[in-house]
Structure formats: structure tokens, C-alpha cells
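Dear colleague,

Please find below the structure that I am handing over to you, with its sequence.

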Amino acid sequence: GPAGAREAEESDEDRRLGDLLVLQLLKVLVSGMHALASFRCDAAIESFHQLPPEQFATGWVLCQVGRAYFEMVNYPEAARHYEWARRIDRTRLEGMEVYSTVLWHMKRETELAYLAHECQGTDRHSPQTWCVLGNCMSLQKEHEPALRFFQRALQLDPSFTYAHTLCGHEYVANEDFEKGLNCFRNAIRLDSRHYNAWYGIGQINFQQEKYDLADYHFRRAAKINPTSSVLFCCLGRALHRRGQHTEALHYLQGAIQKDPNNPLARFEKASVLFAQECLGEARRELEGLLRLAPREPNVYFLLGKVCKKLGEVNAALKNFYVALDLKPSSRDVNTIKNAIEKIKVTDDSDEEDFEF
């Protein structure tokens, strides 16, 4: 009868409406995932925030947002979203390898140890669990156990790209560059867009003073993930070492724009300005940097060198002595003392630099 026909129509209408809502949800999710895969992290976060609150507050979505903040080197926001995801789903392991790296960068040892304990209790046969355990050991400077745990992750899943990269970084921390290179190359073979591995190879080249190769690998990494202040800073440093100061400044300024609180980028920019004899600009950069890193001896050392070049001998001496008071390494102590002894000598081309 008419009532039955009306009910069938309403039921069809409900189904159509339901289908439409599901499609709208999928469209937002796909848009967010596509942006994240392209490392357009701001766009990804914006997309996920278009979801209804009950869909946004799910473990999977919160981990994607956490990952986006991680790629942008915004570790506090990344940690906040991963913590939120864990409150919603304590047994979730997917994404925990990245969360453990966030905690590693933030030096949050207690939270990382607790996360490792919880992941072990959830599933000892998950590669993510062993990556978390490895990062936990790495933060405590226990490089051998950390390597064993990362290798265990790879036994469980040889195609787990991130475990190859974590292994590589651990070998680099142990100064075993050859094994580190092999790990990073394995990661790139599995995923050519895994920028962390390109960055890892660049770091090895940089430490070995192969600055042209470092430039190439950092450039590859920065092309894949152009949102990272760290990658732009590394590329700027490699270009500075190659004497390409104008291009170095371009990338270092880009790094500072992406993260105004990146002290290494500011220090490196000041070093390039000093090399270009732009002494007033170098001084302004260093004085701004002291607000970010008030206890870094090399900031005072470079400021002293700037003052010396400007003919301000007393200001130069004062900065050199402050640098000494801040307990630099023994090698750097000799460099500073050497600069103090030569304070009256105008040519300081034989003075050494030291790393931030």
C-alpha cells in the first residue's frame, strides 16, 4: 500500500544520504593522506580538521596529524596528537615508531620507557614495538642494544623501511659509517621517497667532509620534504662549506622562516654573513641567537670574532672569556685560547671554527 511505498522511499533516501556522508568523509581522508604523502603538511592538517569531531578523535586520524607535525619538526604538537591517539586506543602500535622518535628528539626518557613497556605488553612480534625499544635504548646512549632491537624489527619485517633508517642512524652514532650507509641505501631501495635515508647519507658525507656529496643528498631529501627546517639548514651548511655563500644564505633563511627557533640555522647564517664580511648583520643575528641559546659557547666565540673584525677589542675579549666560562670541549678551549692570544693580530685566517 501507500504506507509501504512511502517507507521504501524513505529507506532509499536514508541510504543515499548515508552513502553521501561516507563519500564526503572519504574525500576528506583521501585529501589529507595525499597532502601528507606529498609532504604538504599544513594542507594535510587542515584537511583532517575538516572531519567531524567524532571522526577526527580516532587513533588513525590523530596519528596522521601527529606524523604531519613530526615532518614539520614541530615535536610538541606531534607529541600532543600521539598522546591523544594513545588515550583513545592504548593497543595501537601503528605510528608508535614515529611517536618514539618524537620523544627521542624531546629527550623525554620516562615517557619513552613507559611507551616501550606498553608496546611490549601489546605485541612482542610487531616491528613497531622493537623500534620503540631501540629508540628507548638509543636515548640512553646504549647503542649496541639499540642496534639489536632495530635489527629484531627487521627480522620480523625486512620491508619495514623506517627500521633500516633507525639502524643507519645508530651506526652513525657509533661512527660505523660503512654499515650506516648500507642501512640508508636499503631504505632507499625499499622507498625512494624516504627522505630520512637521503638525509642520513648526507650526514655521513658531511662528517667525512665530502661536501659536494652532502649537498646532493640533502638536496634530494629537501626536494621530497620541503617543509623541514632541519633539511634546509643541512643543505645551507653544506653549501657554506663549499663556499657557495649566496645559495647557502637562501636555504638558511628558508630554514629560519620554517622554524624561527632553529638555533643551528641562525648560527650557520651568522657564520656565512661573517665569511661575507657582513659584520653588522652577523652581529645582529648572533645577538638574536643569544636569546634562544644563551649558554652556547660557540655563539659567544663567533660574536667575539665579529667584534674583533669591527675593531672592538675589549668586546671581543669579553665574548671569548664568556665562551671559555661556558665549558666548551677541550678542542674548542684551545681554539678560544688561541684567539685570545692573537687578539691584537688583524689576520685571523688561521683561526679555527668549531661546530654548533
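**Helix α13 and its surroundings**

Helix α13, residues 211-224, comprises 14 residues and spans 20 Å from its first C-alpha to its last, close to the 20 Å expected at 1.5 Å a residue. Please bear in mind throughout that this is a predicted model. Within α13, the buried residues are Y211, A214, D215, H217, F218, A221, A222 and I224. These buried residues pack against two other helices, α12 (195-207) and α14 (229-241). D215 also takes part in a network of salt bridges, in which it is linked with R219, R242 and E247.

C41 is found in helix α2, which covers residues 41-48. Its relative accessible area is 0%, so C41 counts as buried under the limit of 20%. When neighbours within four places in sequence are left aside, the contacts of C41 are L36, A68, E71, M72 and T227. Of the pair C41 and M72, the C-alpha atoms are 7.0 Å apart in space, while the two residues are 31 residues apart in sequence.

T165 belongs to helix α10, residues 161-173. T165 is likewise buried, with a relative accessible area of 1%. With neighbours within four places in sequence again left aside, T165 is in contact with F184, A187, H194, N196 and A197.

**Salt bridges**

Side chains of opposite charge can pair when their charged atoms come close.

The side chains of R86 and E118 form a salt bridge at 2.5 Å, N to O. R86 lies in helix α5 (residues 75-88) and E118 in helix α7 (residues 109-122), so this pair ties together parts that are 32 residues apart in sequence. Both R86 and E118 are buried.

A salt bridge also joins the side chains of E287 and R283, at 3.7 Å from N to O. These two residues are 4 residues apart in helix α17 (residues 279-292), and are therefore separated by about one helical turn. E287 is partly exposed, at 39% relative accessibility, and R283 is partly exposed as well, with a relative accessible area of 21%.

Finally, the side chains of E111 and R108 meet in a salt bridge at 3.0 Å, N to O. E111 is partly exposed, its relative accessible area being 34%.

With kind regards

Notes:
Residues are numbered from 1 along each chain as its sequence is written. This is a predicted model: local features need pLDDT of at least 70, side-chain atom pairs count only at pLDDT 80 or more; totals for chains, interfaces and linings use all residues. Side-chain values use heavy atoms; hydrogens and water are left out. The expected span of a helix is 1.5 Å times one less than its number of residues. Buried means under 20% relative accessible area, exposed over 50%, partly exposed in between (1.4 Å probe, protein chains only). Contact means heavy atoms within 4.5 Å. A salt bridge is a side-chain nitrogen of Lys or Arg within 4 Å of a carboxyl oxygen of Asp or Glu.
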